[in-house]
Amino acid sequence: MTAISNDANWWKTASIYQIYPKSFCDSGSKGTGDIQGIISKLDYLKLLGADAIWLTPVYQSPMIDNGYDISDYYAINPDFGTMADFDQLLAQAHQRGIRIIMDIVVNHTSTEHHWFQSALGDKNSPYRDYYIWKDPVDGEAPNNWQSKFGGNAWELDEQTGQYYLHLFAKEQADLNWENPKVRGEVKEVISFWAEKGVDGFRLDVINLISKQQDFPNDEMGDGRRFYTDGPKVHEYLQEISEAVFQKYGSVTVGEMSSTTLEHCQQYSSLDNKELSMVFNFHHLKVDYPNGDKWTKAPFDFQQLKQIFNHWQTGLNGKGWGALFWCNHDQPRVVSRLGNDKEYRVESAKMLAASVHMMQGTPYIYQGEEIGMTNPGYDSIEQYRDVESTNMYDIMVNQQGVSHDEMMAILAQKSRDNSRTPMQWSDAPYAGFSKAQPWLGVANNYFEINACAAVEDTNSVFYFYQKLIQLRKEIDVITTGSYQDLYPEHQAVFGYQRQSDTQTLICLNNYYGEEAECVLPNGFDVGKAKYVLGNYDDLPQGVTQHQVLRPYETRVILAERVSE
Ligand code: GLC
């Protein structure tokens, strides 16, 4: 008997915890995390209240992109453990009522996958057509599409004289979804894990699988408009969904790169024909001036509010979104939008509340629940991420950006900011491992660690625990409409959620000075109460006029009592 409920809509009131296994917990002394390490921390996740774990890839992989380059979909990477370890994790998680969502990477495989190894250098290989091959144009790459990790997206296969497409690293070859055999393999892979009893799937860059088949040169950009939300993407997702997701009742979340609301309404439409929900990243581009990630820049607060408004109102009643600030590709939010020095705890809590009170399913990335920060690396040797090292090479060695400038950019933008080892305690290496970790620990682990957080009832940890509980207790968080209350305000992000029976207001001061706002006229403060705040001395009784302290958040609920 497992403690797992059989409610098909469980994920609408759930909060999901993301684990990046390489950096989570090392059960031995390898310096890299593993599955046994995760098992040892399940009680911690239970205490937090996580309903499910999104496990980033643990499959066989040469780890060029830390597992997003899969060489065998049916095997566990020995660095992480064995299939028996995985089965144990699944059983142990289920015993605690925690579900497991696997990461499925099927836009591309590792070039070490046996399909690619057979295809490379052999036009007659039965697997040649599993990938995308094109002849050179004027002795050069077939078009100017850019890899997301820098440089041209095509790599030459010397033996056959053709290029293969790789939208990410050259060791990640894009699969040819036009080939029905590829789609057949994908169904088999996903069915294998669903048969094992995993509860769902996170689909990596799934809106890039359908490329415009004439592969045009992009005179206006990097090529993304020819493969993002491409011509057959909905058709393909419906095919996979019908064959696998619907059959097994799997919850699914699609990672949607540079997508649109209209496409996401369809990907996550409530008839469940494609996916359960979607990740989009527009709110995390508010510090990319003119769309450029690789520039050091403050965030645009007004734009942030507009984007949330666009997505919250646009998905309401039509689809379902994932709510998140952090993942293994994003810098730590408290360093990014908060204040990781004097207001670290306050701003970490405020940022948490400001997305957790929205409609959707919240995702918490390991360490976010204790307010972990960017590590502030100051040497290029400290970075490991393929994207960061590629960009350093391109910008410093090819484009003439100074080393110091690039170090400042990486300290703000690198994906390694979120991949530093999880800070468990004040023991050496933050209790993550007994050996030197593969990536340096942030040196604030003495103060910021899970042990200390669990012992302190005022910690960021217990604030997240409370947010997870509130989602289960207050219906309007799941069901209510969304209205931005102060779109023009320079410091306050405040919104109202409304259902037939409840109104909830979430006020957030995004800056280090006091800020004022007035609750909407129709809001009956007499019937309202504070349900959450990040300062421990909330005023008695809710007043129309609100004065928020630095990085303060307040959640106010009014129930309409029937007479
Ligand atoms: C997704 C993953 C990222 C990976 C990329 C290519 O964006 O989250 O980590 O590098 O896809 O698979």
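Let me start with a caution: the model is predicted.

First, the whole chain. Count the secondary structure and you get 16 helices and 22 strands. The radius of gyration is 24 Å, close to the 24 Å that the globule rule gives for 563 residues, so the protein is as compact as a globular protein of that length. Along its principal axes, the C-alpha trace spans about 75 × 55 × 50 Å.

How much of it is buried? Of the 563 residues, 61% count as buried. The exposed surface comes to about 21500 Å². Carbon and sulfur atoms supply 47% of that surface. Now the contacts. Residues 24 or more positions apart account for 70% of them.

Look at the strand 13 end. Strand 12, residues 251–255, pairs with strand 13 over 3 bridges, in the parallel sense. There, Val 253 stands opposite Met 277.

Now move to strand 5, residues 99–104. Here 6 of the 6 residues are buried, so strand 5 is largely enclosed by the rest of the structure. What lies on either side of it in the sheet? Strand 2, residues 52–55, runs parallel to strand 5, with 4 bridges. Ala 52 is opposite Arg 99. Strand 11, residues 200–203, is also parallel to strand 5 and is joined to it by 4 bridges. On that side, Ile 104 has Leu 203 as its bridge partner.

Here is a rule to remember. In a regular strand, side chains alternate between the two faces of the sheet. Check it on strand 5. Arg 99, Ile 101 and Asp 103 point one way. Ile 100, Met 102 and Ile 104 point the other way. Both sets are buried.

Now a helix. Helix 8 covers residues 301–315, which makes 15 residues. From first C-alpha to last, it reaches 21 Å, close to the 21 Å expected at 1.5 Å a residue. After the helix comes Gly 317, with a positive phi near 75 degrees.

Which residues of helix 8 are buried? Among them are Phe 301, Leu 304, Phe 308 and Trp 311. Lys 305 and Gln 312 are on that list too. The buried residues pack against several elements, including helix 7, helix 10 and strand 14.

Last stop: Lys 211. It sits in the loop between strand 11 and helix 6. Is Lys 211 buried or exposed? Its relative accessible area is 2%, and buried means under 20%, so Lys 211 is buried. Its contacts beyond four places in sequence include Asn 107, Trp 145, Asp 174, Glu 178 and Tyr 227. What lies 2.9 Å from a polar atom of the Lys 211 side chain? The backbone oxygen of Leu 208 does.

Methods: Residues are numbered from 1 along each chain as its sequence is written. This is a predicted model: local features need pLDDT of at least 70, side-chain atom pairs count only at pLDDT 80 or more; totals for chains, interfaces and linings use all residues. Side-chain values use heavy atoms; hydrogens and water are left out. Helices (H or I, at least four residues) and strands (E, at least two) are DSSP runs, numbered from the N terminus. The expected span of a helix is 1.5 Å times one less than its number of residues. Buried means under 20% relative accessible area, exposed over 50%, partly exposed in between (1.4 Å probe, protein chains only). Contact means heavy atoms within 4.5 Å. The radius of gyration is taken over C-alpha atoms; the globule rule is 2.2 Å times the number of residues to the power 0.38. Accessible areas come from the Shrake-Rupley method with a 1.4 Å probe; for residues, only the protein chains shown count as cover. Two strands pair if DSSP finds at least two bridges between them. A polar contact is a pair of N or O atoms within 3.5 Å; within protein, one must be able to donate a hydrogen and the other to accept it, and residues adjacent in sequence count only if both atoms are side-chain atoms.
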